Amino acid sequence: MNGGYAGVDDEDAGRGLVSDENALQKHVAFFDRNNDGIIYPWETFQGFRAIGAGYLLSLASAFLINLGLSRKTRPGKAFSLETLMLGVEVKNIHMAKHGSDSGVYDSKGRFVSWKFEEIFAKFARTHSDALTSDELKAMLKANREPKDYRGWVASWTEWITLYNLCKDKEGLLKKETIRGVYDGSLFQQMEREKLAAAGKKKE
């Protein structure tokens with residue numbers, strides 16, 4: 001046992017690894033709308049709509065994300081009607097981790113704090129606590145692994161979608177916003193804000 005974070009040994013804690021339940025699981029748990037441990041395409045769609053994404057983006061994301069992640073998170077599952085439903089198992093989400101990413105999640109899905117800080121140390125040139133569109137693109141280019149085309153596309157899609165949904169009025173993607181994505185708390189906040197805005201319109 002250690003005196004640091006739950007579920008992290010002394011060596012990992014010293015390297016800045018944080019894991020309560022599992023940071024990557026927290027990241028995707030928002031989309032598990034019925035909390036049964038499996039995310040189906042319609043739940044991914046509902047999750048994207050809940051954070052303010054448009055209908056077409058939500059529909060495309062639901063299909064592509066679940067198509068890409070389902071088999072990786074359900075290894076050994078025989079072909080059946082169940083597998084055709086493209087469910088993604090939250091507990092195995094680390095198995096679907098792609099290459100050419102930021103490295104903020106380790107191979108077990110734990111949050112690596114020094115890798116998160118490294119994003120801003122290396123690429124936040126205009127503001128120390130935010131990324132511009134050009135800085136974000138520079139980071140994506142720097143993270144590319146040779147011939148990892150799927151990883152390139154996955155990373156680009158994730159970050160550009162995040163930027164378009166969450167940039168501020170000055171076109172900046174703030175550090176606290178990005179941090180909230182990694183632990184999933186941003187999605188909950190965005191849903192609350194969307195519901196609050198909808199409530200005000202009805203008044």
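Which residue forms a salt bridge with Arg 33? Select Arg 33 and Glu 191 in this predicted model: the two form a salt bridge, and their closest N and O atoms are 2.7 Å apart. Arg 33 sits in the loop between α2 (23-29) and β2 (38-39), and Glu 191 sits in helix α10 (residues 185-202), so the pair ties together parts that are 158 residues apart in sequence. Colour the two by accessibility next. Arg 33 is partly exposed, at a relative accessible area of 29%, and Glu 191 is also partly exposed, at 21%.

Move to Arg 74 and Glu 89. Their salt bridge has its closest N and O atoms 3.2 Å apart. Arg 74 belongs to the loop between α4 (55-73) and α5 (81-84), while Glu 89 belongs to strand β3 (residues 88-89), so this pair ties together parts that are 15 residues apart in sequence. Are these two residues buried or exposed? Both Arg 74 and Glu 89 are buried.

For the last stop, select helix α6 (residues 113-123), which holds Lys 115 and Glu 118. These two form a salt bridge with the closest N and O atoms 3.0 Å apart. Lys 115 and Glu 118 are three residues apart, which places about one helical turn between them. Glu 118 has a relative accessibility of 21% and counts as partly exposed.

Key: Residues are numbered from 1 along each chain as its sequence is written. This is a predicted model: local features need pLDDT of at least 70, side-chain atom pairs count only at pLDDT 80 or more; totals for chains, interfaces and linings use all residues. Side-chain values use heavy atoms; hydrogens and water are left out. A salt bridge is a side-chain nitrogen of Lys or Arg within 4 Å of a carboxyl oxygen of Asp or Glu. Helices (H or I, at least four residues) and strands (E, at least two) are DSSP runs, numbered from the N terminus. Buried means under 20% relative accessible area, exposed over 50%, partly exposed in between (1.4 Å probe, protein chains only).
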